Amino acid sequence: MEILWMLIVGGIIGWLADLLTGRDVPGGIIGNIIAGFIGSWLGSLILGSWGPVVGGFAIIPAIIGSIILVLIVSFILRKMGQKKNHGHHAK
């Protein structure tokens, strides 16, 4: 049951990061869960664990970390997309 709760909270954190940045996390619900988990790890690494803890996540650093992660991933995907398009038309 604890793992299920962590998945739900991780998904919500990823979804909030998605909403707050206006970017779509690739992979839908699974992508949001992964973004929530990695983002919360990143947030606690940078900001430490403080504030309310829900489902094993320190919510505020987790959301901030997820936002950073979503912005980085969307930036990388956009750059990769531009490279594919430029490379394709270069003939």
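Buried means under 20% relative accessible area, exposed over 50%, and partly exposed in between, using a 1.4 Å probe and protein chains only. This is a predicted model, where local features need pLDDT of at least 70, side-chain atom pairs count only at pLDDT 80 or more, and totals for chains, interfaces and linings use all residues. Numbering starts from 1 along each chain as its sequence is written, and side-chain values use heavy atoms, with hydrogens and water left out.

Q: What share of the protein chain counts as buried?
A: Of its 91 residues, 33% do, going by that cut-off of under 20%.

Q: Why is helix 1 called roughly perpendicular to helix 2?
A: The axes of helix 1 (residues 2-21) and helix 2 cross at roughly 95° and come within 6 Å. Angles of 65 to 115 degrees count as roughly perpendicular (under 35 is roughly parallel, over 145 roughly antiparallel, the rest oblique), so helix 1 gets that label against helix 2.

Q: How do you know which residues of helix 1 and helix 2 meet?
A: Contact means heavy atoms within 4.5 Å. Among those that meet are W15 and D18 in helix 1, and I33 and F37 in helix 2. The contact's residues divide into seven nonpolar, five polar and one charged.

Key: Axes are lines fitted to C-alpha atoms, for helices over the stretch in contact, and angles run from 0 to 180 degrees between N-to-C directions. Helices (H or I, at least four residues) and strands (E, at least two) are DSSP runs, numbered from the N terminus. Ala, Val, Leu, Ile, Met, Phe, Trp, Tyr, Cys and Pro count as nonpolar, Asp, Glu, Lys and Arg as charged, and the others, Gly among them, as polar.
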